Amino acid sequence: METHRVARVVLKEGEHTHMTQQCSHLDQIRDVTPSSNGCEDCLKMSDTWVHLRLCLTCGHVGCCDDSKNKHATRHFHATNHPIIQSFEPGEDWAWCYIDQLMLEFA
């Protein structure tokens with residue numbers, strides 16, 4: 001059974017728009033299994049990370065852009081998988097790299 005998430009675009013504070021912005025990549029979100037409990041690439045290198053991000057297309061777990069290796073963004077550039085979700089406890093937001101939009105799931 002396929003699950004569907006409803007995403008709501010959240011503009012960062014101070015941003016203004018005349019039209020409602022929509023992410024055009026929601027159809028690429030899949031029901032994924034995380035590839036690891038930490039940044040899979042940092043773990044292979046015996047390195048550390050700051051925060052984790054989950055690719056919603058394939059389940060790759062990578063480190064955030066505050067981490068020195070930026071594996072989540074590197075994964076996007078390598079695969080063009082557009083949407084990541086925070087893989088941090090208590091956080092329920094996502095980011096579309098292509099549309100440059102923050103998403104909240106309802």
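My entries follow, topic by topic.

**Ground rules.** I am working with a predicted model, where local features need pLDDT of at least 70, side-chain atom pairs count only at pLDDT 80 or more, and totals for chains, interfaces and linings use all residues. Residues are numbered from 1 along each chain as its sequence is written, and side-chain values use heavy atoms, with hydrogens and water left out.

**Cysteines.** How many disulfides does the structure hold? I found zero, taking a disulfide as a pair of cysteine sulfur atoms within 2.5 Å. For Cys63 the closest cysteine sulfur belongs to Cys42 at 3.8 Å, which is too far for a bond. Cys96 is in no disulfide either, with the sulfur of Cys23 nearest at 3.7 Å. I also checked burial (buried is under 20% relative accessible area, exposed over 50%, partly exposed in between, with a 1.4 Å probe and protein chains only). Cys63 is buried at 0% relative accessibility, and Cys96 is buried at 0% too.

**Strands.** I use DSSP runs, numbered from the N terminus: helices are H or I with at least four residues, strands are E with at least two. Two strands pair if DSSP finds at least two bridges between them. Strand β2 (residues 52-55) runs antiparallel to β4, joined by three bridges. Leu54 has Gln85 as its bridge partner in β4, and Cys55 has Ile84. β2 also pairs with β3 (residues 61-63), antiparallel over three bridges, and there Leu54 stands opposite Val61. In that hairpin, five residues sit between the strands and Gly59 takes a positive phi near 95 degrees.

β4 has β5 as an antiparallel partner, again through three bridges, with Ile83 opposite Cys96. Their hairpin has six residues between the strands, and Gly90 takes a positive phi near 80 degrees.

**Faces.** In a regular strand the side chains alternate between the two faces of the sheet. In β4, Ile83 and Gln85 on one side and Ile84 and Ser86 on the other are all buried. β2 is covered on both faces as well: Leu52 and Leu54 on one, Arg53 and Cys55 on the other.

**Pocket.** Which residues lie nearest the centre of the largest pocket? I noted Arg53, Cys64, Asp65, Ile84 and Trp93, out of 13 lining residues. α2 (71-79) and β5 (93-96) each supply at least two residues of the lining.

Terms used:
On a 1 Å grid over the protein atoms alone, a cavity is a set of points where a 1.4 Å probe fits but cannot get out, and a pocket is an open set with protein on both sides within 12 Å along at least five of seven lines; lining residues have an atom within 4 Å of a point.
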